[in-house]
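Hi,

Here's the structure I promised to pass on. Have a look, and my notes follow below.

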Amino acid sequence: ADGRGGAQAAHALNVGATVRGRGPRNHFPIVTASRYLFIAGGIGITPLLAMIHEVDAAGARWELQYTGRSRSTMAFADELADFGDRVSITASDEVGRLDLGTVLDVPQPDTLIYACGPESMLEEIQQRVASWPPGSLHLERFAAAAPADSSNDAAFEVVLQRSGRTVLVGADTSVFDAVRAAGASVLGSCLEGICGTCETDVVEGEIDHRDSVLDEEERESGETMMICVSRCTSERLVLDL
């Protein structure tokens, strides 16, 4: 009853209802590289494990830094032991926290970093890879980063290009809620800017990106936005809806 997105839609269905489905959207794909550094915190190993098997089968060089509270709580530790010294396990109850400075403070050429885990770990990783080449870091979050300051949010107009409608988005209303209330067919799930379901093409407008999906290059292009959290800094936003 207190769900949202897909949960609400599922519970609104009646027996015998017809639904439409499609394959998953992947905003955490493995990109071809000559070397990989995987960093997992706790259950953050889950999306990285499949990547490790894929790049290992392809013959790429890689290593994994896997940290958790204790070995007994670290999933797939036995399976990962088969990879030998390419896997480094740091259990905090044995040796303390993983020293990310030792791992990341010296940029490695032609290396992509894939990380997933608690927000505190991801924030530190982002800070430490500032000197790495652009595009080196790929993250996946289980929860949204700290929300943006909304005290200066202002209302703006959203033009739905395909339908020709113009919608007013209030200072305390999301683009997603406003266009959906106006009858536009939009999809949403997490409504926190971490899943990518609501990604929408932008035709015109200055975007205030507040999601945890797009990388810096994608943000600078201004081609898409996550309408559940991101806003517009100009008075008018035109979407491909």
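Buried here means under 20% relative accessible area, exposed is over 50% and partly exposed lies in between (1.4 Å probe, protein chains only). Phe38, at 0% relative accessibility, is therefore buried, and Tyr36 counts as buried too, at 4%.

Before going on: this is a predicted model, so local features need pLDDT of at least 70 and side-chain atom pairs count only at pLDDT 80 or more, while totals for chains, interfaces and linings use all residues. Residues are numbered from 1 along each chain as its sequence is written, and side-chain values use heavy atoms, with hydrogens and water left out.

Back to the rings. Rings of Phe, Tyr and Trp (its six-membered ring) pair if their centres lie within 6.5 Å; planes under 30 degrees apart are stacked, over 60 edge-to-face, the rest tilted. Searching the whole structure turns up six aromatic pairs. Tyr36 and Phe38 make a stacked one, 5.9 Å centre to centre with 10° between the planes.

Now the strands (DSSP runs of E, at least two residues, numbered from the N terminus); two of them pair if DSSP finds at least two bridges between them. An open sheet has five strands in the order β7-β6-β12-β8-β10, with mixed pairing. β7 (165-169) and β10 (224-226) are at the edges with a single partner strand each, so one side of each has no neighbour in the sheet. Inside it, β8 (residues 199-204) and β12 (residues 236-239) pair antiparallel over two bridges; Glu204 has Val238 in β12 as its bridge partner.

Cheers

Terms used. Helix = DSSP H or I, 4+ residues; strand = E, 2+ residues; numbered from the N terminus.
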